[in-house]
Amino acid sequence: MKTIIDIAQAAGVAKSTVSRYLNGGSVSEETKEKIERIIKQHQYVPNTFARSLKAKKTSIIGIIVPRLDSFAVSQMLMGIDDTLRQEQYQMLLANANQETTREIEAIYEFSRQKISGLLFMAAQITDEHRQAIAKCNIPVVLIGQDDKQLHSVIHDDRQAGYLLGKYVLSKGHRQIAYLGVTEQDDAVGIQRKLGFQQALQEYTDYDIRYYESGFRMDQAVIAAHHLLDQWTPSIVVAATDNIAIGVFKAALSRQIDIPTDLSVTGFGGYDITELMHPALTTVKFHYKEAGQLAATNLIQMIQGQSVQNTSISTCELLVRESVDNR
């Protein structure tokens with residue numbers, strides 16, 4: 001039996017009665033027992049997605065991610081899934097592949113599918129994003145980027161930069177290369193750098209030079225070679241753990257010893273960084289907890305509850321072996 005019409009015919013009731021039962025509506029005890037018996041007998045599984053699309057209020061949460069091959073994204077999705085399952089919501093995932101056009105398309109497509117709310121892991125928020133969200137008129141929570149017009153769950157990127165900057169300077173490093181990313185990404189490209197610069201304000205005897213990389217490891221390897229062709233710093237501060245791993249690879253190919261010849265740090269706290277040799281000094285973000293918090297906030301918004309505009313997920317400095325004294 002594949003449809004509720006089949007169940008209704010077998011039970012001798014109207015299709016609407018079976019639909020009402022499946023959606024938690026009121027039916028007589030006798031009818032309820034009859035429908036349950038037939039469903040169990042024929043191992044009928046309701047098409048929850050189709051039912052949600054027909055309902056005025058769905059149990060589906062749309063999620064837009066920038067890429068699928070990301071430790072941070074996978075950890076946040078695990079946290080989101082934990083929370084949504086507990087609250088009997090389902091995930092519907094769209095991969096934007098770091099393309100703004102695909103993000104905008106996904107917002108409109110999710111709206112047509114009558115999702116209850118949207119979780120959006122954005123690298124940047126443009127007026128086009130805000131316009132699409134406003135037109136769709138659904139609850140939205142951003143993850144990872146702050147925006148005055150939208151509810152957000154952010155990592156404490158500025159504090160992370162400050163913690164790392166204080167540590168690097170305390171180890172005596174004064175020839176510093178900061179290998180960042182595009183400032184179109186406010187959290188990673190701007191806030192982490194600003195936090196690091198805040199720590200620098202407490203010192204005067206330093207030389208810091210700024211370079212830029214893409215997010216992928218292969219892009220970081222190229223950027224690291226370019227950096228090391230131009231200068232010989234005592235430390236490279238990478239804006240992400242992926243970029244730091246790229247620096248490791250470039251240094252290895254040049255027979256530069258880490259940390260004796262060159263110290264390296266990152267941001268993220270990816271699991272792999274603890275298994276590296278030497279293990280990477282980094283700032284750990286609690287991605288799974290951030291996902292849980294974002295999902296909780298969104299559900300509260302769907303239920304009409306008040307939610308603060310910006311929620312901040314904490315971070316912690318992980319001191320390991322990749323930073324030497326200078």
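**View 1. Tyr 287 in the predicted model is a buried residue.** The relative accessible area of Tyr 287 is 6%, so the residue falls under the 20% limit for burial. Tyr 287 belongs to helix 13, which spans residues 287–302. Two ring pairs of this residue are shown in the views that follow, one with Phe 71 and one with Phe 285.

**View 2. Phe 71 and Tyr 287 form an edge-to-face aromatic pair.** Phe 71 lies in helix 5 (residues 71–86) and Tyr 287 in helix 13, so the pair, at a separation of 216 residues, links distant parts of the chain. Phe 71 has a relative accessibility of 21% and therefore counts as partly exposed, whereas Tyr 287 is buried.

**View 3. Phe 285 and Tyr 287 form a tilted aromatic pair.** Here the distance from centre to centre is 6.0 Å, with 55° between the planes. Phe 285 is buried, its relative accessible area being 1%. Tyr 287, at 6%, is buried as well.

**View 4. Ring pairs join four aromatic residues into a cluster.** The members are Phe 71, Tyr 270, Phe 285 and Tyr 287.

**View 5. Helix 1 packs against helix 2.** Helix 1 covers residues 4–11 and helix 2 covers residues 15–22. The crossing of helix 1 and helix 2 is right-handed. On the side of helix 1, the contact is made by Ile 4, Ile 5, Ile 7 and Ala 8; helix 2 contributes Lys 15, Val 18, Ser 19 and Leu 22. By class, the residues of this contact comprise 6 nonpolar, 1 polar and 1 charged.

**View 6. Thr 31 is a buried residue of helix 3.** Helix 3 runs over residues 29–42. With a relative accessibility of 18%, Thr 31 is under the 20% limit and therefore counts as buried. Leaving aside residues up to four places away in sequence, Thr 31 touches Val 13 and Thr 17.

Terms used
Residues are numbered from 1 along each chain as its sequence is written. This is a predicted model: local features need pLDDT of at least 70, side-chain atom pairs count only at pLDDT 80 or more; totals for chains, interfaces and linings use all residues. Side-chain values use heavy atoms; hydrogens and water are left out. Helices (H or I, at least four residues) and strands (E, at least two) are DSSP runs, numbered from the N terminus. Buried means under 20% relative accessible area, exposed over 50%, partly exposed in between (1.4 Å probe, protein chains only). Contact means heavy atoms within 4.5 Å. Axes are lines fitted to C-alpha atoms, for helices over the stretch in contact, and angles run from 0 to 180 degrees between N-to-C directions. A crossing is left-handed if the near helix is turned anticlockwise from the far one by less than a right angle, and right-handed if clockwise. Ala, Val, Leu, Ile, Met, Phe, Trp, Tyr, Cys and Pro count as nonpolar, Asp, Glu, Lys and Arg as charged, and the others, Gly among them, as polar. Rings of Phe, Tyr and Trp (its six-membered ring) pair if their centres lie within 6.5 Å; planes under 30 degrees apart count as stacked, over 60 as edge-to-face and the rest as tilted.
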